[in-house]
Amino acid sequence: MFRNTFQSGFLSILYSIGSRPLQIWDKQVQNGHIKRITDPDIQSCVLELLGSNVSTTYITCPADPKKTLGIKLPFLVMVIKNLKKYFTFEVQVLDDKGIRRRFRASNYQSTTRVKPFVCTMPMRLDDGWNQIQFNLSDFTRRAYGTNYVETLRVQLHANCRIRRIYFSDRLYTEDELPPEFKLFLPLKHTGAQ
């Protein structure tokens, strides 16, 4: 999808405020929902994925199973709200041996397991909104001893709220991020001054 696109800086694949946030995503829902709501903490539109089973409610990009993302930027960044329920996501990458590898992170696992084609790992989320930064190049090298070439697919499962999912060429400080990539928490007013 993005293989012939010039890639530097930031490449966003989901922005909850856009007119059609799931335009390039496929949706799978069973005993749950995927809908746009207003999150009270940030007073903004977000995408909510809720389901009774994490494996049956998810979004996957690209929507066409025969296509791949072709994103070469090594950092995957997700702005996600912890709903204090089971949550998992998966990223499929291609390494320099031409092998497709998957990384699956979840908040209900306690140990990391590296198998030939999938690496599962625990993920700890803070209360409220989190910025998950995933260094795909580093993970590919540490888990498989190979080099990251590109990201083929991203899949997010219930249960979470999503503000944005993007790739970047490096990790940026809060000050370096464009305003639309930042998460602004409204100031809480306390009584009389």
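The structure, a predicted model, holds one cavity of 30 Å³ or more. The volume of the largest cavity is about 40 Å³. Rolling a probe the size of a water molecule over the atoms shows where empty space is left. Around the largest cavity lie Phe10, Val77, Gln131, Gln133, Tyr166, Ser168, Arg170, Leu171, Tyr172 and Leu177. Two strands, β11 (128-135) and β13 (160-168), each contribute at least two residues to this lining. Sorted by class, the lining comprises six nonpolar, three polar and one charged residues.

The account now turns to the sheet. Strands of a sheet pair through backbone hydrogen bonds, either parallel or antiparallel. In this model, seven strands form an open sheet in the order β2-β5-β12-β7-β8-β10-β9, and their pairing is mixed. The edges are formed by β2 (26-28) and β9 (113-114), each of which pairs on one side only. Strand β9 is joined by two bridges to β10 (residues 118-122), and these two strands run antiparallel. Within this arrangement, Arg113 stands opposite Thr120 in β10. Helix α1 (residues 136-144) packs on the sheet, where it touches β7 (88-95), β8 (100-106), β9, β10 and β12 (148-157). The direction of helix α1 makes about 105° with that of β8.

Several features of the backbone in the loops also deserve attention. Most residues other than glycine have a negative phi, and most peptide bonds are trans. Against this background, the peptide bond from Cys61 to Pro62 is cis, with omega near 0°. Pro62 belongs to the loop between β5 (58-61) and β6 (75-82). A cis peptide bond also leads from Ala158 to Asn159, with omega near 15°. Asn159 has its place in the loop between β12 and β13. Asn31 is a residue other than glycine with a positive phi, near 55°; Asn31 lies in the loop between β2 and β3 (32-39).

It remains to consider the confidence of the prediction. The mean pLDDT of the protein is 89, and 91% of its residues reach 70 or more. Over residues 189-193, however, pLDDT stays under 50. For these residues the model has zero contacts beyond four places in sequence. Where pLDDT is low, the predicted coordinates should not be read in detail.

Note on methods. Residues are numbered from 1 along each chain as its sequence is written. This is a predicted model: local features need pLDDT of at least 70, side-chain atom pairs count only at pLDDT 80 or more; totals for chains, interfaces and linings use all residues. Side-chain values use heavy atoms; hydrogens and water are left out. On a 1 Å grid over the protein atoms alone, a cavity is a set of points where a 1.4 Å probe fits but cannot get out, and a pocket is an open set with protein on both sides within 12 Å along at least five of seven lines; lining residues have an atom within 4 Å of a point. Grid points are joined across faces, edges and corners, and a volume is the space filled by probe spheres set on the points. Helices (H or I, at least four residues) and strands (E, at least two) are DSSP runs, numbered from the N terminus. Ala, Val, Leu, Ile, Met, Phe, Trp, Tyr, Cys and Pro count as nonpolar, Asp, Glu, Lys and Arg as charged, and the others, Gly among them, as polar. pLDDT is the predictor's confidence in each residue, from 0 to 100. Contact means heavy atoms within 4.5 Å. Two strands pair if DSSP finds at least two bridges between them. Axes are lines fitted to C-alpha atoms, for helices over the stretch in contact, and angles run from 0 to 180 degrees between N-to-C directions.
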